[in-house]
Structures are given as C-alpha cells and as structure tokens.
Amino acid sequence: MDKINGINDESLLHEIADFIDFDAYSDDIYKLSPAEVEAVKDGIDQIEKGLAISNEEARKIFDKCLGK
C-alpha cells in the first residue's frame with residue numbers, strides 16, 4: 001500500500017485500478033468476439049513483422065500530441 005500511495009503517475013494508477021477491478025471479476029470467463037479474435041491476430045502479425053512500438057514510445061507520442 002505504501003508503494004501505491006507513493007505513485008504520482010496518474011496513468012499508472014489507472015492501470016492498477018483497472019487490474020484490481022479485473023481481478024475482482026476473474027471468475028468470469030470473457031469470450032472474444034470474432035472481430036476481437038481478428039484484431040488480436042492482426043496485432044500478433046504486426047508484432048512479428050516488427051511493426052510494433054513500446055509502451056514507453058507510445059506514451060511519448062501521446063504526450064506530444066496532448067502538448068505535455
């Protein structure tokens with residue numbers, strides 16, 4: 001709790017909250033729709049082709065677009 005209370009990064013806190021909320025419902029099985037399955041396959045294909053960027057790089061792009 002001390003570590004979480006010491007976090008100042010709002011986006012990281014949102015990710016932690018989302019994870020905790022997801023974990024609370026972990027007994028539920030989520031089934032992907034056909035469109036979601038295709039999106040995952042497309043994403044894997046892009047990664048295999050070297051077309052992915054890191055989360056850190058994506059955050060930098062978003063921050064630049066948002067004028068941060």
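1. Which side chain meets that of Lys49 in a salt bridge? The partner is Asp45, with an N to O distance of 3.1 Å, a salt bridge being a side-chain nitrogen of Lys or Arg within 4 Å of a carboxyl oxygen of Asp or Glu. Lys49 counts as exposed at 58% relative accessibility, whereas Asp45 is partly exposed at 32%; here buried means under 20% relative accessible area, exposed over 50%, and partly exposed in between, with a 1.4 Å probe and protein chains only.

2. On provenance, this is a predicted model, in which local features need pLDDT of at least 70 and side-chain atom pairs count only at pLDDT 80 or more, while totals for chains, interfaces and linings use all residues. Residues are numbered from 1 along each chain as its sequence is written, and side-chain values use heavy atoms, with hydrogens and water left out.

3. The secondary structure comes to 4 helices and 0 strands, following the pattern α-α-α-α along the sequence; helices (H or I, at least four residues) and strands (E, at least two) are DSSP runs, numbered from the N terminus. Of the 68 residues in the chain, buried residues make up 1%. The accessible surface of the chain comes to about 6600 Å², of which 57% belongs to carbon and sulfur atoms, with areas from the Shrake-Rupley method and a 1.4 Å probe, only the protein chains shown counting as cover for residues.

4. The structure holds 3 salt bridges. One of them joins Arg59 to Glu15, whose closest N and O atoms are 2.2 Å apart; Arg59 lies in helix 4 and Glu15 in helix 2, so the pair ties together parts that are 44 residues apart in sequence.

5. Another salt bridge is formed by the side chains of Glu56 and Lys60, at 3.5 Å from N to O. Glu56 and Lys60 are 4 residues apart in helix 4, which means that about one helical turn separates them. Glu56 counts as exposed at 55% relative accessibility, and Lys60 is exposed with a relative accessible area of 54%.

6. Helix 4 itself is hardly covered, the count of buried residues among its 11 residues being 1. After helix 4 comes Gly67, with a positive phi near 75°.

7. The largest pocket holds about 180 Å³ of space and is lined by Asp9, Glu10, Ser11, Arg59, Phe62, Asp63, Leu66 and Lys68. By class, this lining has 2 nonpolar, 1 polar and 5 charged residues, where Ala, Val, Leu, Ile, Met, Phe, Trp, Tyr, Cys and Pro count as nonpolar, Asp, Glu, Lys and Arg as charged, and the others, Gly among them, as polar. Helix 2 (10-24) and helix 4 (55-65) each supply at least two lining residues, and the largest share, 3 residues, comes from helix 4. A pocket, on a 1 Å grid over the protein atoms alone, is an open set of points where a 1.4 Å probe fits, with protein on both sides within 12 Å along at least five of seven lines, and lining residues have an atom within 4 Å of a point; the volume is the space filled by probe spheres set on the points, which are joined across faces, edges and corners.
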